[in-house]
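Subject: the model I promised you

Hi,

Have a look at it first, then read on and tell me what you think.

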Amino acid sequence: MNEIIAHIMTKKPGIDEIDIGATEEKLGAAFPVQFHQLYKLVNNAEIGDWLLFPIKARKNVKKTWDDIVRQNIEARKEGLAEGWIAVGEDGTGDKLCLKTSNGLMEEPIYVWYHEDGQTEQIAQRLMSFIMLLSQEE
């Protein structure tokens, strides 16, 4: 994971296990290993045109008022179906999403198109998504 950090614009330092766990509990599903590792290295990462939603830091709540939990509440209002977790956005209203199953977020990464509610798989896992976007730049 460390070798691909060069391809990620950082917004905030990483987040600790307690905050990650609290967020997973609120979302009702655990992050895939690569997302878990990334959040420990950097919170609110930018990958290409995509901005990953931050995890609320209990030590700095005022700086993370807009977090992944709040974003998912809003995404549900916009029509994102149950069984999906929005992990980021590109500024157009489309969301980067993970499918959930049995309390876990699966590794494949999808785009949820807000205009028609369709989803499209764009990468097998976080690492391949980052490498794909870094090759496009």
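This is a predicted model: local features need pLDDT of at least 70, side-chain atom pairs count only at pLDDT 80 or more; totals for chains, interfaces and linings use all residues.

**Helix 1: the buried face**

Helix 1 buries Asp19, Ile20, Thr23, Glu24 and Leu27. Looking down the helix 1 axis, these buried residues fall within an arc of 135°, so they line one face of the helix. Ile18, Glu25 and Lys26 are exposed on the other side of helix 1.

**The chain as a whole**

There are four helices and nine strands in the protein chain. In sequence order the pattern is β-α-α-β-β-β-α-β-β-β-β-β-α. Of the 137 residues in the protein chain, 43% are buried. If you take contacts between residues at least 6 apart in sequence, 50% of them join residues at least 24 apart.

**Helix 1 against helix 2**

In general, two packed helices are described by the angle between their axes and the distance between the axes. For helix 1 (residues 17–27) and helix 2 (residues 33–41), the axes come within 10 Å and cross at roughly 135°. Helix 1 and helix 2 are therefore oblique to each other, and their crossing is right-handed.

Which residues make this contact? From helix 1 it is Glu17, Ile20 and Glu24, and from helix 2 it is His36, Tyr39 and Lys40. By type, the residues of this contact of helix 1 with helix 2 are two nonpolar, one polar and three charged. Note that Ile20 and Glu24 take part in the contact with helix 2 and are also listed as buried residues of helix 1.

**Helix 1 against helix 3**

The axes of helix 1 and helix 3 also come within 10 Å, with a crossing of roughly 15°. That makes helix 1 roughly parallel to helix 3. This crossing, too, is right-handed.

Here Thr23, Lys26 and Leu27 of helix 1 meet Ile68, Val69 and Asn72 of helix 3. The residues of the contact of helix 1 with helix 3 split into three nonpolar, two polar and one charged.

**Helix 3 and its surroundings**

In helix 3 the buried residues are Ile68, Val69, Gln71, Asn72 and Ala75. They cover an arc of only 155° around the axis, which puts them on the same side of helix 3. These buried residues of helix 3 pack against helix 1, helix 2, strand 5 and strand 6 (95–101).

Is Asn72 buried or exposed? Asn72 is buried, at a relative accessible area of 5%. Leaving aside residues up to four places away in sequence, Asn72 touches Leu27, Leu80, Trp84, Ile85 and Ala86.

Ile73, also in helix 3, is partly exposed, with a relative accessible area of 48%. Ile73 and Ala86 are 13 residues apart along the chain, and their C-alpha atoms are separated by 9.6 Å.

**After helix 3**

Gly79 follows helix 3 and has a positive phi, near 115°. You will find Gly79 in the loop between helix 3 and strand 5, and Gly79 is partly exposed, with a relative accessible area of 47%. How far apart are Gly79 and His114 in space? The C-alpha to C-alpha distance is 7.6 Å, for two residues 35 apart in sequence.

**One more to check: Lys95**

Lys95 sits in strand 6 and is buried, with a relative accessible area of 3%. Not counting residues up to four places away in sequence, Lys95 touches Trp50, Phe53, Ala75, Glu78, Ala86, Gly88, Glu89, Tyr110, Val111 and Trp112. One of these, Ala75, is also among the buried residues of helix 3.

Let me know what you make of it.

Cheers

How values were computed
Residues are numbered from 1 along each chain as its sequence is written. Side-chain values use heavy atoms; hydrogens and water are left out. Axes are lines fitted to C-alpha atoms, for helices over the stretch in contact, and angles run from 0 to 180 degrees between N-to-C directions. Helices (H or I, at least four residues) and strands (E, at least two) are DSSP runs, numbered from the N terminus. Angles under 35 degrees count as roughly parallel, over 145 as roughly antiparallel, 65 to 115 as roughly perpendicular and the rest as oblique. A crossing is left-handed if the near helix is turned anticlockwise from the far one by less than a right angle, and right-handed if clockwise. Contact means heavy atoms within 4.5 Å. Ala, Val, Leu, Ile, Met, Phe, Trp, Tyr, Cys and Pro count as nonpolar, Asp, Glu, Lys and Arg as charged, and the others, Gly among them, as polar. Buried means under 20% relative accessible area, exposed over 50%, partly exposed in between (1.4 Å probe, protein chains only). The arc is that of the directions from the helix axis to the C-beta atoms.
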